[in-house]
Each structure stands twice: as structure tokens, then as C-alpha cells.
Amino acid sequence: MVGQKGGVATKLKEVSDILLSHHCIAHRLALAVGQAVNKVDYIKKFNDTLDVLFRFYEKSPVRASALKQIQVSMENPVLKPEQAKAVRWLSHENACNTLREIYPASWLVCKERLLREMTQRH
């Protein structure tokens with residue numbers, strides 16, 4: 001919104017010469033970290049894994065239901081994987097915390113799916 005050509009701050013400066021604008025330091029930091037992450041292979045792969053896990057359950061009501069059933073049977077809290085967004089670093093923390101909580105149930109869902117696929121092949 002601080003864009004030099006069409007940002008809100010630029011348009012407001014056309015109305016008022018005394019307006020000062022600055023880019024939010026927290027947002028600048030989030031953008032810089034997001035760009036730096038793409039240069040660290042380990043973190044990039046981890047983020048990709050978080051995204052794959054999120055989509056694995058998000059795109060399939062059957063898998064989401066299986067996860068929920070296993071969580072209930074294990075007497076674990078019923079949680080769904082959370083999406084980690086590129087410029088929202090708190091979302092990464094939430095996604096990691098949720099992954100830590102659902103890991104045992106998620107592992108069982110994946111194991112059951114793999115076993116089912118293997119038996120269908122033979």
C-alpha cells in the first residue's frame with residue numbers, strides 16, 4: 001500500500017504534502033524472511049511438506065474423516081492440519097504445533113492408506 005506509483009500512501013500524498021509514509025517494519029521483516037527461506041533448502045522442503053500434508057487432508061473428506069476417527073479413538077484432540085502461509089510466520093508456528101499434535105494419528109492414516117494400496121496391487 002506504500003507503492004511509489006499507485007499505492008494508497010502515494011495517492012494521499014497527492015492530497016497532502018505533509019504526509020509521511022513508511023512501510024511497516026514487521027511486514028518488511030516477514031517479507032525478508034519469506035525471501036530468505038526460499039534460499040535454504042531444508043526449510044523450503046519443510047514448508048513444502050507442511051503444504052503437502054495440509055492439502056492431503058484439505059482435498060479429501062475421506063482422509064479428513066479417517067484422521068478424525070483415529071484421533072477420537074486415540075482420545076486425542078480433534079485437529080486438522082493448518083496451512084502455513086508465506087508471509088504469516090505465526091501461521092508456520094501454528095502449523096508446526098498442530099502437526100506435532102496430530103502426527104501419531106496422521107501417521108496411522110498414511111500407513112493404512114499405503115497398506116490398502118499395496119494389497120490392491122497384488
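These legends walk through a few close-up views of a predicted model. Local features are taken only where pLDDT is at least 70 and side-chain atom pairs only at pLDDT 80 or more, while totals for chains, interfaces and linings use all residues. Numbering runs from 1 along each chain as its sequence is written, and side-chain values rest on heavy atoms, with hydrogens and water left out.

View 1. Asp48 pairs with Lys44, with 3.9 Å between the closest N and O atoms. Both sit in α3 (residues 41-58), four residues apart, or about one turn of the helix. Helices are DSSP runs of H or I with at least four residues, numbered from the N terminus. Asp51 and Arg55 make another salt bridge, at 3.0 Å from N to O, and they too lie in helix α3 with a spacing of four residues, about one turn.

How exposed are these side chains, given that buried means under 20% relative accessible area, exposed over 50% and partly exposed in between (1.4 Å probe, protein chains only)? Asp48 is partly exposed at 41%, and so is Lys44 at 33%. Asp51 counts as partly exposed at 27%, as does Arg55 at 37%.

View 2. Glu117 and Arg113 meet side chain to side chain in a salt bridge, 3.5 Å from N to O. They are separated by about one helical turn because they are four residues apart in α5 (residues 89-121). Glu117 is partly exposed at 28% relative accessible area, and Arg113 is partly exposed at 32%.

**View 3. The largest nonpolar core.** Think of a nonpolar core as a set of buried Ala, Val, Leu, Ile, Met, Phe, Trp, Tyr and Cys residues joined through side-chain atoms within 4.5 Å. The largest one has eight residues: Leu53, Phe56, Tyr57, Leu67, Ile70, Ile102, Ala105 and Val109. Helices α3, α4 (61-73) and α5 each give two or more residues to this core. In soluble globular proteins, nonpolar side chains tend to be buried together. Leaving aside residues up to four places away in sequence, Leu53 touches Pro81, Leu99 and Ser106, where contact means heavy atoms within 4.5 Å.

**View 4. The second largest pocket.** On a 1 Å grid over the protein atoms alone, a pocket is an open set of points with protein on both sides within 12 Å along at least five of seven lines, and a cavity is a set where a 1.4 Å probe fits but cannot get out; lining residues have an atom within 4 Å of a point. This pocket has a volume of about 190 Å³, volume being the space filled by probe spheres set on points joined across faces, edges and corners. Its lining includes Leu53, Phe56, Leu99, Tyr103 and Trp107. Both α3 and α5 supply at least two lining residues.

**View 5. The largest cavity.** The structure holds one cavity of 30 Å³ or more, and about 30 Å³ of space lies in the largest cavity. Leu50, Leu53, Phe54, Pro81, Glu82, Ala95 and Leu99 line this cavity. Helices α3 and α5 give two or more residues each to the lining, with the largest share, three residues, coming from α3.

Terms used. A salt bridge is a side-chain nitrogen of Lys or Arg within 4 Å of a carboxyl oxygen of Asp or Glu.
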